[in-house]
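Thanks for coming. I will walk through one structure, a few residues and strands at a time. Please have the sequence and the picture open.

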Amino acid sequence: MLFFLICLANAVDLRFKLPARQIRCFGDRLQEKEMIQGFVEGESADYSLKITDTGVNKQLLYTYHELTQKFTQLFNETTQIQICIHNLAHYQMNIQFFYEQGIQAELASLEDLKEVEKQVKQYNNTLQHLKSAQLDLVQLQTNRNDKMNVISSKIIFFSIITILLMIIVTIIFTIKAAKIMKMKKSY
């Protein structure tokens with residue numbers, strides 16, 4: 001059975017002012033099976049965090065517009081990384097940068113991974129049920145809207161017919177009343 005072994009080597013906790021629209025980058029060389037973790041926190045969410053594996057020129061993480069941005073990354077081979085913080089605001093910002101490097105990681109046991117896989121499957125099943133329920137609600141709302149449109153159309157149709165009948169009846173009674181008045185005048 002394999003255990004998850006963690007051994008801390010280096011940690012950096014910096015607080016600095018980052019001028020408006022400026023970028024500050026930090027670099028580090030990492031060994032095989034070495035993990036980094038940390039966070040960046042600004043006084044506002046107007047900044048971005050980018051972590052790049054410069055050994056293979058691959059962007060590993062890019063986040064922005066979060067007050068606190070956390071990161072964890074395991075490297076399977078020796079490489080170099082670059083961590084860049086970019087102030088997206090039009091004003092100077094206070095930044096806190098915390099970074100741990102040199103965390104040696106061994107693989108978790110197969111039993112641990114099976115348990116995690118089981119939980120992921122449960123979450124996926126729950127998510128599928130929620131999506132299905134959401135689709136049912138959308139379909140129900142669509143049907144309700146269709147029925148309301150039909151009812152509204154019928155009400156408008158019958159209102160128009162009622163108004164037309166009232167106009168016809170009024171015209172007929174006006175004509176008959178005029179004839180009766182003429183007949184009364186002729187006597």
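**A buried glutamine**

Q69 has a relative accessible area of 1%, so this residue counts as buried, the cut-off being under 20%. Before going on, note that this is a predicted model.

Where does Q69 lie? It lies in strand β6, which covers residues 68-75. The side chain of Q69 reaches the backbone oxygen of E66, at 3.3 Å. If we leave aside neighbours within four places in sequence, Q69 is in contact with G38, F39, V40, Y47, S48, L49, T63 and Y64.

Two of those contacts, L49 and T63, take us to the next topic. T63, in β5, is the bridge partner of L49. Strand β4, residues 47-53, pairs with β5 in the antiparallel sense, and there are six bridges between them.

**The open sheet**

β4 and β5 belong to an open sheet of four strands, in the order β2-β7-β4-β5, with antiparallel pairing. Which strands stand at the edges? They are β2 (23-30) and β5 (58-64). Each has a single partner strand, so one side of each is left without a neighbour in the sheet. From one strand to the next, the twist averages 15°.

Now look at T79, which lies in strand β7. Is T79 buried or exposed? Its relative accessibility is 7%, so T79 counts as buried, again with the cut-off at under 20%. The side chain of T79 makes a polar contact with the side chain of D53, at 2.4 Å. Apart from neighbours within four places in sequence, T79 is in contact with D28, R29, L30, D53 and G55.

**The nonpolar core**

The largest nonpolar core has 18 residues. Which of them touch the most other members? Those are V40, F71, I83, I85, I95, F97 and Y99. At least two residues of this core come from each of β1 (10-18), β3 (34-42), β4, β6, β7 (79-87) and β8 (93-104). β8 gives the most, with four residues.

Take I95 as one example from that list. Leaving aside neighbours within four places in sequence, I95 is in contact with L14, R15, F16, L18, V40, E41, G42, Y47 and I85. V40 was also among the contacts of Q69.

**Aromatic rings**

A pair of aromatic rings is described by the distance of the centres and the angle of the planes. How many aromatic pairs does the structure hold? It holds six. In one of them, F26 and F97 are stacked, at 4.7 Å centre to centre with 5° between the planes. This pair links distant parts of the chain: F26 is in strand β2, F97 is in strand β8, and they are 71 residues apart.

The two partners can be looked at separately. F26 has 22% relative accessibility and counts as partly exposed. F97 has a relative accessible area of 2% and is buried. F97 also pairs with Y99: the ring centres are 6.0 Å apart and the planes are at 10°, so this pair is stacked. Both F97 and Y99 are buried.

Which residues do ring pairs link into a cluster? They are F16, F26, F97 and Y99. F16 has already come up, as one of the contacts of I95.

That is the end of the tour.

Notes. Residues are numbered from 1 along each chain as its sequence is written. This is a predicted model: local features need pLDDT of at least 70, side-chain atom pairs count only at pLDDT 80 or more; totals for chains, interfaces and linings use all residues. Side-chain values use heavy atoms; hydrogens and water are left out. Buried means under 20% relative accessible area, exposed over 50%, partly exposed in between (1.4 Å probe, protein chains only). A polar contact is a pair of N or O atoms within 3.5 Å; within protein, one must be able to donate a hydrogen and the other to accept it, and residues adjacent in sequence count only if both atoms are side-chain atoms. Contact means heavy atoms within 4.5 Å. Two strands pair if DSSP finds at least two bridges between them. Axes are lines fitted to C-alpha atoms, for helices over the stretch in contact, and angles run from 0 to 180 degrees between N-to-C directions. A nonpolar core is a set of buried Ala, Val, Leu, Ile, Met, Phe, Trp, Tyr and Cys residues joined through side-chain atoms within 4.5 Å. Rings of Phe, Tyr and Trp (its six-membered ring) pair if their centres lie within 6.5 Å; planes under 30 degrees apart count as stacked, over 60 as edge-to-face and the rest as tilted.
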